[in-house]
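I opened this entry to record what I looked up on salt bridges and on the sheet. The structure is placed below for reference.

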Amino acid sequence: MAAGYAFSGPSLDLGALLWEGQCLPDAQIRVPLPMLNRHGLVAGATGTGKTKTLQLVAEQLSAQGVPVFLADIKGDLSGISAPGVPGDRVRTRSSEVGQDWTASAFPAEFYALGGLGHGVPVRATVTSFGPVLLSKVLGLNQTQEQSLGLVFHYADQKGLELYDLKDLRAVVAFLASDEGRPELKALGGLSPATAGVILRSLTAFEAQGASGFFGEPEFRTAELLRTASDGRGVVSVLELAAVQDRPQLFSTFLMWLLADLFHDLPEVGDAEKPKLVFFFDEAHLLFHDASKAFLDSVTQTVRLIRSKGVGVFFVTQTPKDVPSDVLAQLGNRVQHALRAFTPDDQKALRATVQTFPHSPYDLEELLTGLGTGEAVVTVLSENGAPTPVAATRLRAPESLMGPVDPAALDGAVKGSPLYERYAQAVDRESAYEKLTAAAARSAQAPAPEKPAAEKPAAEPEARPGRAAHEERSVVEQVVSSGVFKSLARSVGTQLGREITRSLFGTARRRR
């Protein structure tokens, strides 16, 4: 078993082998660095040490020059930026596993969704987020999701930029109005009932404070790929504690970050080390009540992003929280203890055991008896084959195992060169302003002149033209206006006549 983890190339040290109740420091359990872009799963019951496992792996990746992204659900991962505190527990653990423990801090950048929390604000434009991800956030069904796709299609074609939620609400309201309804007639139209559902969902979403997450300046995901001046990878920590009550929002927002990276990065094949390793905490929230189209898109993104040099680790309680098609893509496994207090727990335990390769361990017994900071590990070896299943006592992180002082965190955020770039929200002219202005011009337009009484013969010929003029929709007036023509000239360098959209319907931006 020890020979199965004796790699010749660069690797990350996870811990020491546990065998028959004894920790064997000479039998080190590792994962090859090039295999970190083959994705992975960190699972286990609450309180078993999943967060510390993330911290341990993130530290070693950073030390080897690999940028890391961490979703900080509980707000306790900021400690990676400060050196750890030595103590009896740390000394005992490091002695048991043969670790040469040294207190260390790692370069970190802190972010917060829409600025809610301690971090540089992360925002996305509505048009970049796309209809598929937004439908998941709003809880729309398949029909409503398709209708929202039509709304995005129309806005893309007409150059009506969807930067924030009020832009989207304005376009939906227009297309549901008498003036705008004919615009989508050839494509099936937007029913008043569906438009009503979308508008009510948007209103409720905004009432939850979601407006701050959408708008400009939009976050450039290339910021996540940076290294520090000493060559270590920057650890990007996205604080999500302030939005825990909106799980669909933050889980879907993380998927947007991943999808955006997928679109922008070039193919690299099998690299010596990943360009980025992305840890997706509370992953079960992403898949809860998701449509088949959404799940298919997640599966395809995870399958293909490996060749872009990005590794994705899903963090959740049991493997059954992750759809089987996605689970099949996860080559590296760190399974912490599971509980079996109920029939459902026992069923989940048996299902988890079935996902591991054949092992000399009694995994059902082992998984319920693991202590905090212990896990069952199997990874991909340097030749891509699964390693033997190994019970492992994990190493202790060398950075602070807990949050840093809030004042120090705020100082680090405001001292970041990214703060000035993203801190202040910007509200440019977009769909809301353009449709509002067009409606105002339409309302102020003079009524058509009536034919003179002395020209009765000309009146019948004038009526059709007047009727046609009266029937012009607001959008026709917008399209023929100078504002729209000016927009059409500039849209070629900004968005194109129609935005190219991806698997998730997200906009593919030119960098």
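This is a predicted model: local features need pLDDT of at least 70, side-chain atom pairs count only at pLDDT 80 or more; totals for chains, interfaces and linings use all residues.

I looked up Arg428 and noted that this residue is partly exposed, with a relative accessible area of 40%. Its side chain meets that of Glu216 in a salt bridge, at 2.8 Å from N to O. The pair links distant parts of the chain: Arg428 lies in the loop between helix 15 (419-422) and helix 16 (431-444), and Glu216 in the loop between helix 7 (192-207) and strand 7, 212 residues apart.

Arg93 and Glu96 form one at 4.0 Å, N to O. Both residues lie in helix 2 (residues 88-97), three residues apart, about one turn of the helix. Arg93 counts as buried at 19% relative accessibility, whereas Glu96 is partly exposed at 31%.

Asp230 forms a salt bridge with Arg232, with the closest N and O atoms 2.8 Å apart. Asp230 is partly exposed, with a relative accessible area of 48%, and Arg232 also counts as partly exposed, at 25%. I recorded one network as well: salt bridges that share partners join Arg93, Glu96, Glu374 and Arg393.

Strand 1 (residues 11-19) and strand 12 (residues 390-394) pair in the antiparallel sense over three bridges.

Twelve strands form an open sheet of mixed pairing, in the order 2-1-12-11-10-3-9-8-4-7-5-6. Strand 2 (22-32) and strand 6 (120-122) stand at the edges with a single partner strand each, so one side of each is left without a neighbour in the sheet. On average, neighbouring strands are turned by 30 degrees against each other, direction ignored.

Is strand 9 (residues 310-316) buried or exposed? I found seven of its seven residues buried, so the strand is largely enclosed by the rest of the structure. Val310, Val312, Phe314 and Thr316 are buried on one side, and Gly311, Phe313 and Val315 on the other. Strand 3 (residues 40-43) runs parallel to strand 9 and is joined to it by four bridges, with Ala43 partnered by Thr316. Strand 8 (residues 276-280) also pairs with strand 9 in the parallel sense, over five bridges; here Phe314 is the bridge partner of Phe280.

Last, I noted that helix 8 (residues 247-264) lies across several strands, including strand 8 and strand 9, and runs at about 160 degrees to strand 8.

How values were computed. Residues are numbered from 1 along each chain as its sequence is written. Side-chain values use heavy atoms; hydrogens and water are left out. Buried means under 20% relative accessible area, exposed over 50%, partly exposed in between (1.4 Å probe, protein chains only). Helices (H or I, at least four residues) and strands (E, at least two) are DSSP runs, numbered from the N terminus. Two strands pair if DSSP finds at least two bridges between them. Axes are lines fitted to C-alpha atoms, for helices over the stretch in contact, and angles run from 0 to 180 degrees between N-to-C directions. Contact means heavy atoms within 4.5 Å.
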